[in-house]
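Here are my notes on the charged side chains. Have the model open while you read.

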Amino acid sequence: MPIYSNPFSKKIDNGKTVKYGIPQGLPISAVLANLYLFDFDLDIVNNWVKKHNVYYRRYSDDIFIVCDKQFCDEIENYIHALIKQYEIEISKDKTEKFVFRNIVSANKSRLECFRVLKDGKEISSTMAYLGFEFRGYHTGIKSTNLAKYYRKIISTVKRKSKRTLKLIEQNPNTKKAIFKNQVKKIYNLPVKFKDGDLMEKRVNKKMRYNLVLNDRGFYEFKFSERKNKKQANYHSYIRRCCVEFQTNSFQKQISKSRHIAFTAITKHLKENFN
């Protein structure tokens, strides 16, 4: 039962709604949220995790609780009362309940996910949390994030194709091609985003001080060159997901990336040239 809350949002003071807290997105935001909600977490751990074997996690302002179905309503009411006590808000529109149960089909049993509607009905669904989708029998990258990655590939191919076509206009002897190493850079794009496109992030070598022991037995500062780390990209991120979740389902999700890149090249380079 994931419950999404937004601490540091609003506070009711003398009947008036007052904005307070810190802007979202700051590096220190999560730290301050953890400090403010420390006793909040401790209360849930002591009263539910230890006593009723409930699974509780909170990532910044996203709360996630796994419990027996019999405790679901009771825990929800408890959380709402606790949130009111700490003068924070919960987004009721984003609060969702899910039930996971084994379903037998064609003499096979598998775990499936069902979303519980407000009227108590249950429909087959997926539970999304922190960029992943959980179906019970399958765990994968959130479909919207995957679609965004594919759109970035296409937009980057389109941009490189336009650049190639402009070079051809300036010099007809220019080869009408996007070379293999360029294609690799396209479908192995880094995770960083900028100006609507996935960009190839270049890390410059930097100098830094190191405190080292010299021959005389004294410590002194010396310059040393910081070695560049290998640039992480979306594919390396997927590989880490496969290792952490011990499944190959993530790798299968991005199996079309190369095909999408080459299809986009055919469309935006060859067709536009003809």
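Is Lys 69 buried or exposed? Lys 69 counts as exposed, at 55% relative accessibility (buried is under 20% relative accessible area, exposed over 50%, partly exposed in between, with a 1.4 Å probe and protein chains only).

1. A word on the source: this is a predicted model, where local features need pLDDT of at least 70, side-chain atom pairs count only at pLDDT 80 or more, and totals for chains, interfaces and linings use all residues. Residues are numbered from 1 along each chain as its sequence is written, and side-chain values use heavy atoms, with hydrogens and water left out.

2. Lys 69 pairs with Glu 122 in a salt bridge, 3.1 Å from N to O (the term means a side-chain nitrogen of Lys or Arg within 4 Å of a carboxyl oxygen of Asp or Glu). Glu 122 sits in strand E9 (residues 122-124) and Lys 69 in the loop between strand E5 (62-66) and helix H3 (72-85), so the bridge ties together parts 53 residues apart in sequence. Helices (H or I, at least four residues) and strands (E, at least two) are DSSP runs, numbered from the N terminus. Glu 122 is partly exposed, at 28%.

3. Now look at Asp 41 and Arg 58, which form a salt bridge with their closest N and O atoms 2.7 Å apart. Asp 41 belongs to helix H2 (residues 38-52) and Arg 58 to strand E4 (residues 55-59), 17 residues apart. Asp 41 is buried, with a relative accessible area of 16%, and Arg 58 counts as buried at 16% too.

4. Glu 112 bridges to Arg 110, with 3.0 Å between the closest N and O atoms. Glu 112 is buried at 14%, while Arg 110 is partly exposed at 40%.
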